[in-house]
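Have the sequence and the 3D view open while you read. The paragraphs below go from single residues to strands, helices and cores.

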Amino acid sequence: MNNQITGVLFKQMVLHGAAAITAQKQAINDLNVFPVPDGDTGTNMSMTIATAVTELRKSEPATLTKAADTTASALLRGARGNSGVILSLLFRGISKGLKGRETADAAAFAAAMQEGVSAAYKAVMKPAEGTVLTVSRLASKAAVDAAAEEADVEKVLEEAIRVGYEALAQTTDMNPVLKKAGVVDAGGKGYLLILEGMLAELRGEPMPEVAEDAQSQEKADFAALSAEDITFTFDTVFIVRKTSEKSLEPLREYLNSIGDSLVIGEDEEAFKVHVHTDIPGSALNEAQKYGTLELAKIENMRTQAEDLAAGRKAQSTDDLDEVEAQLEAAPAAEEAGHTVAAPEKKYGFLAVCAGEGLAAVFKDLGADGVVSGGQTMNPSTESILAGVDKIPAETVFVLPNNGNIIMAAQQCDALTDKNVIVIPTKTVPQGITAMMNVDFEAPDAETLTAAMTDSLSTVTTAQITYAARNSDFDGFDIKAGDYLALEEGKLFGTDSSLYTLLEKLAADAVEREASFISLYFGEDVSEEDAQKAAGVFESACPDAEVAILSGGQPVYYYIISME
């Protein structure tokens with residue numbers, strides 16, 4: 001029986017809660033669908049509370065208020081994503097409720113939990129029910145009600161968790177997005193896991209070993225969610241150190257006017273913002289009127305959703321170290337250093353692509369350089385800039401060949417003395433088509449830009465991959481292992497037979513009156529199978545010129561260009 005929580009005990013409760021959610025973070029990730037299917041709630045919450053673990057392990061808090069303040073301060077700065085920010089607010093409110101206390105009884109701790117819920121609701125501009133807010137609110141109310149009759153902190157927390165799980169079960173019906181995917185709220189479950197860990201510490205139970213848990217049996221159907229479920233593109237999180245006592249209300253109103261899912265957490269020294277918006281730069285600029293920007297994270301939720309729906313791993317800022325290592329592994333760049341070539345001609349061309357086969361195609365068409373990258377490895381602006389500066393031309397045309405690389409490429413123009421023009425190619429076939437329409441003797445860059453850009457509408461890109469999981473998407477009953485055909489980034493069809501899909505794409509090529517059909521096959525496809533695939537198009541489109549080439553990239557089974 002525990003009638004009092006001390007600073008040392010609170011520290012251990014937080015450590016145990018952190019271990020509990022970290023042990024099951026992948027199970028939480030597998031549930032994550034709201035507000036977008038970015039699959040990282042478990043990671044965000046576990047890494048958020050891990051910052052408190054780091055700080056708490058450095059100290060032996062003499063009082064409860066010291067332990068709670070240390071926890072809340074660390075969580076504010078370490079909060080990741082919407083779920084992490086809300087978690088930090090829940091603990092910020094707990095810290096506020098325990099202010100000045102050396103210890104706390106059941107009633108005081110329950111009241112502090114309710115203070116945390118109030119802090120979270122106040123910070124979220126448009127609270128949505130069926131989320132961690134609902135779960136935490138009902139759980140804290142149960143704790144307060146139980147504490148009115150019970151002095152044992154264990155029993156009070158036990159009752160809060162019981163009611164919390166009842167509320168969690170109801171989140172599926174409360175939120176249409178959760179109902180569509182058939183899961184409970186990921187943030188709510190993560191919060192309850194932390195409370196369960198804290199209760200386990202009170203009971204004297206051993207901490208769970210922190211290791212990757214087994215594949216979760218309860219997973220969200222990510223493919224059931226489309227781009228239409230995402231209102232704003234960029235998940236934007238940043239920390240600003242205050243330089244004045246200005247109220248944050250004007251900032252809150254501004255951010256709410258340019259986005260949604262807004263959460264602002266603050267303490268005496270800094271504030272942290274989470275917002276979904278299409279103009280993250282404007283959000284950062286406005287926030288700097290209130291202090292000094294310290295850290296920022298911006299992720300494209302649409303591309304994350306597309307990756308997950310196609311069974312791929314969604315890239316996030318968690319991957320930056322890995323991506324940077326991959327890019328730096330390119331042999332020539334590091335050894336040669338960033339050199340700026342003197343202009344020897346008017347025009348130069350730089351393409352972004354993955355695989356030796358595609359790189360060879362671009363070079364054969366006249367590209368002066370190639371930067372390695374694509375869907376699963378987006379090169380940085382610095383990597384593209386290095387490629388631009390190595391080309392001995394006054395004007396360098398960049399072909400990103402991926403929608404998620406265009407913005408990075410566009411930053412180069414302000415970073416070099418060369419004139420950089422980005423042709424907005426979103427696929428490799430578009431890039432190849434643009435290069436095929438280059439007039440190397442064009443009188444000026446404007447004429448050449450127009451010719452290359454206009455050519456993009458003449459090509460249709462289809463991609464064939466396979467499904468990683470069962471799903472029901474846009475009327476298609478998809479089974480794990482089925483082949484998926486995407487056309488211009490949208491699901492075209494699915495079938496257990498590759499050739500049935502190829503025949504449907506060939507029929508589409510006939511309707512489009514395609515004259516040229518190019519098929520690029522991945523590194524795991526034999527040339528014999530690629531020849532058979534090309535034969536499907538040759539039979540359906542006898543008047544079209546059909547070509548095949550090894551692309552050398554593993555991301556897609558086939559990339560098909562129809563012009």
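Is Ser 261 buried, exposed or partly exposed? At 22% relative accessibility, Ser 261 counts as partly exposed. The term follows from cut-offs: buried means under 20% relative accessible area, exposed means over 50%, and partly exposed is what lies in between, with a 1.4 Å probe and protein chains only. This is a predicted model, in which local features need pLDDT of at least 70 and side-chain atom pairs count only at pLDDT 80 or more, while totals for chains, interfaces and linings use all residues. Residues are numbered from 1 along each chain as its sequence is written, and side-chain values use heavy atoms, with hydrogens and water left out.

Ser 261 has its place in strand 4. Helices (H or I, at least four residues) and strands (E, at least two) are DSSP runs, numbered from the N terminus. The phi angle of Ser 261 is near 50 degrees, a positive value in a residue other than glycine. Glu 513 also has a positive phi, near 55 degrees, and is likewise a residue other than glycine. Glu 513 sits in the loop between helix 21 and strand 16. With 67% relative accessibility, Glu 513 counts as exposed.

Next come the charged side chains. A salt bridge is a side-chain nitrogen of Lys or Arg within 4 Å of a carboxyl oxygen of Asp or Glu. The structure holds 20 salt bridges. One of them joins the side chains of Arg 241 and Glu 269, at 3.6 Å from N to O. Arg 241 belongs to strand 3 (residues 234-242) and Glu 269 to the loop between strand 4 (259-266) and strand 5 (270-277), so this pair ties together parts that are 28 residues apart in sequence. Arg 241 is partly exposed, at 32% relative accessible area, and Glu 269 is partly exposed at 48%.

Another salt bridge is formed by the side chains of Lys 242 and Glu 266, at 2.6 Å from N to O. Here Lys 242 lies in strand 3 and Glu 266 in strand 4, so the pair ties together parts 24 residues apart in sequence. Lys 242 counts as partly exposed at 24% relative accessibility, and Glu 266 is partly exposed at 37%.

Glu 487 and Arg 512 also form a salt bridge, with the closest N and O atoms 2.8 Å apart. This pair links distant parts of the chain, 25 residues apart: Glu 487 is in strand 14 (residues 483-487), and Arg 512 is in the loop between helix 21 (498-511) and strand 16 (516-521). Glu 487 counts as buried, at 11% relative accessibility, whereas Arg 512 is partly exposed at 41%. Elsewhere, salt bridges that share partners join Glu 158, Arg 203 and Glu 205 into one network.

Now turn to a sheet. Strands of a sheet pair through backbone hydrogen bonds, either parallel or antiparallel. Two strands count as paired if DSSP finds at least two bridges between them. In this structure, an open sheet of four strands has the order 8-7-9-10, with parallel pairing. Strand 8 (369-372) and strand 10 (419-422) stand at the edges with a single partner strand each, so one side of each is left without a neighbour in the sheet. Strand 7 (residues 345-353) and strand 9 (residues 393-399) run parallel and are joined by six bridges. Lys 345 stands opposite Ala 393 in strand 9. Helix 16 (residues 356-364) packs on the sheet and touches strand 7, strand 8 and strand 9.

Finally, look at the cores. A nonpolar core is a set of buried Ala, Val, Leu, Ile, Met, Phe, Trp, Tyr and Cys residues joined through side-chain atoms within 4.5 Å. Of the 68 residues in the largest nonpolar core, Phe 10, Phe 91, Leu 157 and Met 198 touch the most other members. Helix 6 (residues 106-123) gives the most to this core, with 10 residues. Helix 19 (residues 428-436) is mostly covered, with eight of its nine residues buried.

Key: Contact means heavy atoms within 4.5 Å. Axes are lines fitted to C-alpha atoms, for helices over the stretch in contact, and angles run from 0 to 180 degrees between N-to-C directions.
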